[in-house]
Every structure is written in C-alpha cells, then in structure tokens.
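Q: I have a structure open and would like to learn how to read it. Could you take me through it, one feature at a time?

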Amino acid sequence: MKVVVKSIGGEVLELEIEPLSVVADLRSKVSDHWQIPPQCVKMTISEQVLCDDQNCASLCGDSDTTICVEMIISLDAVCQDLSDERANMQTKLAALQTLGSLGRRGGPMAIDAISPFLEHQKTDVRLAAVDALQQLGCGDARAIEHAGALLANRMQGVRQTGIRALAILANEGDANAIKAVSHHLRGQNPAPVKAAALQALPKVARRGDEEIIALVSAFMLDEDSGVRFQAVQAMPALAHRADKRAVAAMLDGLDDVSWQ
C-alpha cells in the first residue's frame, strides 16, 4: 500500500506500508525520515487528526490504492508534560530535550514553552532549558530576550543561567548582550555571578574591544580566586597577541602570590 505524506512546508515523502499497518506505524516512519520526535508528529487528512490505532487500509476509498496524508508538527503533548504538576522531573527534562531536538522547526512556541524553565529552582533544569534553547537556534531574538530578562532576577543562580544563555544564544558583537553581561561585572554582584560574566564575555565580545579588555583586566587581581581565574582565562580570547596592556595585566595576575 502506497502512502504519500506532505509536510506543511511542502516536502513530500512516499512510503510503502503493509495493509495491516496502523497510523502509529506510519507516524513512526515519518518521524524517522524527517528526524522529528514521534510525540511531535501528527497525521491528518482534510485537517482531521488521525488516531494512532486507526487502520491505514480504512483510509483508502473503495477504488484507491494510495493514501494522501499531511504531517504537522504539534507541541501539545510535550507542552502538557511541561505544564503537568504531577509529572516528575525526569519527564520534564525529557520534554525540554524533545523541544530542543526540533531545532528551528520548534519556532516561537517551543521557545516560549522552554523559557520559564530558565528560572527553575533546580540548576540541572535551568541548564537543560539553556541547552534546549541553543538547539533551537543561536541568534534568535525571542530566545535572547527571554535570557536577558533573567538578569534582573533576584536569585543568583538564575542570573548566572541568564548570563550563560546569552553567551550561547547571542551572536558575537551583539551590543545588547555585551552591555547586559558587562553590567554584572559592576556593582555589588557576588563573585559567582562575576565569574560567569567573565566566562561569557569572550563569546559575545569581539576580539580587540579595548573597553572590554580594560574591564576584564581590572579583575586580574580580584580578591576572589574564581573571579581571577576567569579573568585570566578570558583575556587570550579577547586581546590580540600584540596587546601589551593585556599581556601586562595577565602577568600581574599570574604573579599574584594569592594564586599559590
């Protein structure tokens, strides 16, 4: 039995299936071919969603030997797992991973479903949300907006997550991302937040940015060893080799007796 599957984007897939196959079997084949998680695949005919246990042969007309169906991507089942208060943490982590695996196919709906978990109380959930957003696509303005909003959160761990997310999602040279990350090197932010900002700067700032180099240099002799370490780690990615001021700042940091 021949099945012609069309995607919303206009792609066409032709399959041969057994007469006793059910829609779930067809859905699995489509999922494998287009690399879409099976829980996100729905098969439709004339906008009617087909049930998994429906026999494919029943979809043919009396004289037809070919079935024509459409494949749509639906986030309903995965979003239900994320919103279900009774679902355990492994279920939610798996749902975040599933949404991330959609890549750019997930679109704004996937970004909006993932973003609330950037503020989750558990670190591993926040990091899973960052990883999922990264898979959906770097440079996405909507994802960057969600990440930037975390920097005003009162929880230190959430701010660190926001900084990490910006470093992953923003394009190099993104002025808004650079400003947001740099802001967390100023003021009374705790050492772990400053260390996260120093780790992120080489990923968002362009090499040779004198203002950023000067900012990072100031932390080479910081009282916190974790902050100093990240400052020294960041400098080679930010400064050109011939930048004497940057080299001098690194040497001062490495000579500091408190490293020993």
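**Salt bridges**

A: Let's begin with one side chain: arginine 206 counts as partly exposed, because its relative accessibility is 48%. Keep in mind that this is a predicted model.

Q: Which residue forms a salt bridge with arginine 206?

A: The general idea is that side chains of opposite charge can pair when their charged atoms come close. Here the partner of arginine 206 is glutamate 172, with the closest N and O atoms 3.5 Å apart. Arginine 206 sits in the loop between helix 9 (191-204) and helix 10 (210-217), and glutamate 172 in the loop between helix 7 (156-169) and helix 8 (175-183), so the pair links distant parts of the chain, 34 residues apart. Glutamate 172 is partly exposed, with a relative accessible area of 47%.

Q: How many salt bridges does a search of the whole structure find?

A: The search finds six. One of them joins the side chains of lysine 2 and glutamate 14, at 3.5 Å from N to O. Lysine 2 belongs to strand 1 (residues 2-7) and glutamate 14 to strand 2 (residues 12-16), so this pair ties together parts that are 12 residues apart in sequence.

Q: Where does the salt bridge of lysine 42 and aspartate 76 sit?

A: These two side chains meet at 3.6 Å, N to O. Lysine 42 is in strand 3 (residues 41-45) and aspartate 76 in helix 2 (residues 76-83), so the bridge ties together parts that are 34 residues apart in sequence. Lysine 42 has a relative accessible area of 28% and is therefore partly exposed.

**The sheet**

Q: In which order do the five strands lie in the open sheet?

A: Strands of a sheet pair through backbone hydrogen bonds, either parallel or antiparallel. In this model the order is 2-1-5-3-4, and the pairing is mixed. Strand 2 and strand 4 (48-49) are at the edges with a single partner strand each, so one side of each has no neighbour in the sheet.

Q: Which strands pair with strand 1, and in what sense?

A: Strand 1 pairs with strand 2 in the antiparallel sense, over five bridges. Strand 1 also runs parallel to strand 5 (residues 66-73), joined to it by six bridges. Valine 3 is a handy place to look: its bridge partner in strand 2 is leucine 15, and valine 3 also stands opposite isoleucine 67 in strand 5.

Q: Which residues of helix 11 are buried?

A: An α-helix has 3.6 residues a turn, so residues three or four places apart point the same way. In helix 11 the buried residues include Val227, Ala231, Ala234 and Leu238. Helix 11 (residues 225-238) has 14 residues and reaches 20 Å from its first C-alpha to its last, close to the 20 Å expected. Aspartate 224 caps its N-terminal end, with a side-chain oxygen 2.9 Å from the backbone nitrogen of glycine 226.

Q: What lines the largest pocket?

A: Its lining has 16 residues, and Leu127, Gln160, Arg164, Ala196 and Gln199 lie nearest the centre. Helix 5 (123-136), helix 7 and helix 9 are the elements that give two or more residues to this lining. Helix 7 gives the most, with seven residues. The space in the largest pocket is about 270 Å³.

Key:
Residues numbered from 1 in each chain as written. Predicted model: local features only at pLDDT ≥ 70, side-chain atom pairs only at ≥ 80, totals over all residues. Heavy atoms only, no water. Salt bridge = Lys/Arg side-chain N within 4 Å of Asp/Glu carboxyl O. Helix = DSSP H or I, 4+ residues; strand = E, 2+ residues; numbered from the N terminus. Buried < 20%, exposed > 50% of the residue type's maximum accessible area, 1.4 Å probe, protein only. Pairing = 2+ DSSP bridges. Expected span 1.5 Å × (residues − 1). Polar contact = N/O pair within 3.5 Å; in protein donor to acceptor, adjacent residues only side chain to side chain. 1 Å grid on protein atoms, 1.4 Å probe; cavity = no way out; pocket = protein on both sides within 12 Å on 5 of 7 lines; lining within 4 Å. Points joined across faces, edges and corners; volume = space filled by probe spheres on them.
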